[in-house]
Amino acid sequence: MIGVVQFPGSCDERDAVAACERVGEARLLWHEESDLSGLDAIVIPGGFSYGDYLRAGAIARFSPAMEAVARFAADGGPVLGICNGFQVLCEAGLLPGALLPNEGLRFVFRQVELVAEDFGGPFGAEIPAGSTLSIPVKHMSGRWFAPDEDVDRLESSGQIAFRYAEGHNPNGSVRDVAGVTNEAGNVLGLMPHPEHAVDPLTGSEDGLSLFRALATRSVAA
Amino acid sequence: MKAKVLIRPKEGILDPQGKAVERALPALGFEGVSDVRVGRLVELETDDPSKLDSLCEKLLANPLIEDFEVQLEDGKG
């Protein structure tokens, strides 16, 4: 069973549940819940948790659900953060870096090409290095940033999961980074929305592989 | 005690908001203004000013991308 956390201001949690249900079982997890028993994987969905007050993701990290998710992640449980979920995971210190306002100062909403890096963990196992994925972005603060020396280290430790293909970087992120993992590889965050790319009807089903990674764990557990 | 917390983008980090403001100024007749950086001001009242630094590090600012400066109302700080 995959749990999809819902904060006040989340808006993609239902699409995330629907995406999970294509490959397994899922349920919503209200932000005040702190009991994750029975859950094999967690999705932190997109949206504007707590109105993006202060900084995107800054307040959500203090919710009971996120404190439970931090323990779940420390125990090796797979966690996928999408867009605002990525921002929350960075603010919570579960993923490296931070998300800054887009270089162009505008909300961007478009299909982008991603290139998968050689990365580990349950997600890396589903997605071969070098494969390209067509997935939409829609965000205002998606410019991933970390100091140069940190990015060097993340590159050499295989924690850069996805980059925007050449010419596709929509926000000015450092070295075209679109998604990163934690050191163990069980926590992945990315700005593009794989839950909106799970049906050919809407242009692409390239996002399914990430949910498959969560469901695979569910079956195995 | 009243306090003000000034939060700025760290040096070296591109601040597109500051750039946009800077670019708009000449059109309005304000020449010779450069290095515009846009940050945030948080005003608050606290019983224990000694906790302000840790409060800033944990919530008000993200130390990876922002610097903060605490100003207490009596002018110290």
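**A helix and its sheet**

Guide: Start with helix H1 of chain A, residues 13-21, where A:Glu13, A:Ala16, A:Val17, A:Ala19 and A:Cys20 are buried. Look down the axis of H1(A): these buried residues fall within an arc of 160°, so they line one face of the helix. An α-helix has 3.6 residues a turn, so residues three or four places apart point the same way. Keep in mind that this is a predicted model.

Now the sheet. Nine strands of chain A form an open sheet with mixed pairing. Their order is E2-E1-E3-E4-E11-E10-E9-E6-E7. The edges are strand E2 (26-30) and strand E7 (132-139) of chain A, and each of them pairs on one side only. On average, neighbouring strands of this sheet are turned by 25° against each other, direction ignored. H1(A) packs on this sheet. The helix touches E1, E2, strand E3 (41-44) and E4 of chain A. Its direction makes about 175° with that of E1(A).

Strand E1 (residues 2-6) of chain A pairs with E2(A) in the parallel sense, over five bridges. Within that pairing, A:Val5 has A:Leu29 in E2(A) as its bridge partner.

Strand E6 (residues 108-116) of chain A pairs with E7(A) in the antiparallel sense, over eight bridges. There A:Phe109 has A:Lys138 in E7(A) as its bridge partner. E6(A) also pairs with strand E9 (residues 160-164) of chain A, again antiparallel, over three bridges. A:Val115 stands opposite A:Arg163 in E9(A).

A:Cys83 sits in the loop between strand E4 (79-82) and helix H3 (84-91) of chain A. Its phi is positive, about 55°, although A:Cys83 is not a glycine. Is A:Cys83 buried or exposed? A:Cys83 has 30 other C-beta atoms within 10 Å, so it is buried. The cut-off for buried is 20 or more.

Among contacts in chain A with a separation of 6 or more, 76% come from residues 24 or more positions apart.

Chain B is next. Its secondary structure comes to two helices and three strands. From the N terminus on, these run β-α-β-α-β. The radius of gyration of chain B is 15 Å, well over the 11 Å that the globule rule gives for 77 residues, so chain B is more spread out than a compact globule. The C-alpha trace spans about 45 × 25 × 15 Å along its principal axes. In chain B, 9% of the 77 residues count as buried. Of the contacts in chain B between residues at least 6 apart in sequence, 65% join residues at least 24 apart.

Two residues of chain B give local detail. B:Lys4 lies in strand E1 (residues 2-9) of chain B. B:Lys4 has 14 other C-beta atoms within 10 Å, so it is partly exposed. Beyond its neighbours within four places in sequence, B:Lys4 is in contact with B:Leu41, B:Glu43 and B:Gln71. B:Lys4 and B:Val70 are 66 residues apart in sequence, yet 5.9 Å apart in space, C-alpha to C-alpha.

The other residue is B:Asp35, in the loop between H1 and strand E2 (40-45) of chain B. Phi of B:Asp35 is near 55°, a positive value in a residue other than glycine. B:Asp35 is exposed, because 7 other C-beta atoms lie within 10 Å and the cut-off for exposed is 12 or fewer.

Finish where the chains meet. The contact takes nine residues from chain B and nine residues from chain A. On the side of chain B, helix H1 (residues 16-24) of chain B gives the largest share, three residues. The residues of that side divide into seven nonpolar, two polar and no charged.

Conventions: Residues are numbered from 1 along each chain as its sequence is written. Chains are lettered from A and ligands numbered from 1 in the order in which they are written. This is a predicted model: local features need pLDDT of at least 70, side-chain atom pairs count only at pLDDT 80 or more; totals for chains, interfaces and linings use all residues. Two residues are in contact if their C-beta atoms, placed from the backbone, lie within 7 Å. Helices (H or I, at least four residues) and strands (E, at least two) are DSSP runs, numbered from the N terminus. Ala, Val, Leu, Ile, Met, Phe, Trp, Tyr, Cys and Pro count as nonpolar, Asp, Glu, Lys and Arg as charged, and the others, Gly among them, as polar. The radius of gyration is taken over C-alpha atoms; the globule rule is 2.2 Å times the number of residues to the power 0.38. The arc is that of the directions from the helix axis to the C-beta atoms. Two strands pair if DSSP finds at least two bridges between them. Axes are lines fitted to C-alpha atoms, for helices over the stretch in contact, and angles run from 0 to 180 degrees between N-to-C directions.
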